[in-house]
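Please keep the sequence and the structure at hand while reading.

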Amino acid sequence: MTGSDDEESLAETFWAVARRLRHQSKRTLEPWEINPGHARALAVLNRHGPLRLSVLAEHLGIAPRSATEVVDGLEERGLVARQPDPADRRATLVALTDEGTRVSAAVRAARAAEAERFFGDLSDSDRADLVRVLRTLRD
């Protein structure tokens, strides 16, 4: 096998794992009728509290217009609410509702269980190595 075959094989394996994780994540979120983008937004709002739409978009790494669509979907489900920013009445904050907080906690627990099933066959050492490698690639 040549060097380029090794790289291609590594990339193909990586993408196969990523696809499997993505599909598993979608299945995990089905009970709440939300998609991974919605789940990420709930997690950011849970972690940071009420945010302006532009700040939420930055945290999610998406355009403000896309964040509006995410928030609209969550608002339709009663998981977030828009409210005036007390620091600037012209601005709007997006905040979790009580139901959004409940769903966020349930999703977090379901995802933790999903991750344990997915990575459960790895030793502690393999998990630590995988985290180190993925963080290196991410950064």
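How many residues does helix 5 have, and what distance does helix 5 reach from its first C-alpha to its last? The model described here is predicted. Helix 5, covering residues 98-119, has 22 residues and reaches 32 Å between these two atoms, close to the 32 Å expected at 1.5 Å a residue. Its buried residues are Gly 100, Val 103, Ser 104, Val 107, Ala 110, Glu 114 and Phe 118. These residues lie on the same side of helix 5, because the arc they cover around the axis is only 140°. In general, an α-helix has 3.6 residues a turn, so residues three or four places apart point the same way.

The largest nonpolar core has 19 residues. Ile 34, Leu 42, Leu 45, Leu 56, Leu 74 and Val 80 are those with the most contacts inside this core. The elements below each give two or more residues to the core.

| Element | Residues |
|---|---|
| Helix 2 | 36-48 |
| Helix 3 | 53-60 |
| Helix 4 | 64-76 |
| Strand 3 | 88-96 |
| Helix 5 | 98-119 |

Helix 2 gives the most to this core, namely five residues. Leaving aside neighbours within four places in sequence, Leu 74 is in contact with Ile 34, His 38, Ala 41, Leu 42, Leu 79 and Val 80.

The structure also holds an open sheet of three strands in the order 1-3-2, with antiparallel pairing. Strand 1 (51-52) and strand 2 (80-85) each have a single partner strand and stand at the edges, so one side of each is left without a neighbour in the sheet. Strand 2 is joined to strand 3 by six bridges, and the two run antiparallel. Ala 81 stands opposite Ala 95 in strand 3.

How values were computed: Residues numbered from 1 in each chain as written. Predicted model: local features only at pLDDT ≥ 70, side-chain atom pairs only at ≥ 80, totals over all residues. Heavy atoms only, no water. Helix = DSSP H or I, 4+ residues; strand = E, 2+ residues; numbered from the N terminus. Expected span 1.5 Å × (residues − 1). Buried < 20%, exposed > 50% of the residue type's maximum accessible area, 1.4 Å probe, protein only. Arc of directions from axis to C-beta. Core = buried A, V, L, I, M, F, W, Y, C linked by side-chain atoms within 4.5 Å. Contact = heavy atoms within 4.5 Å. Pairing = 2+ DSSP bridges.
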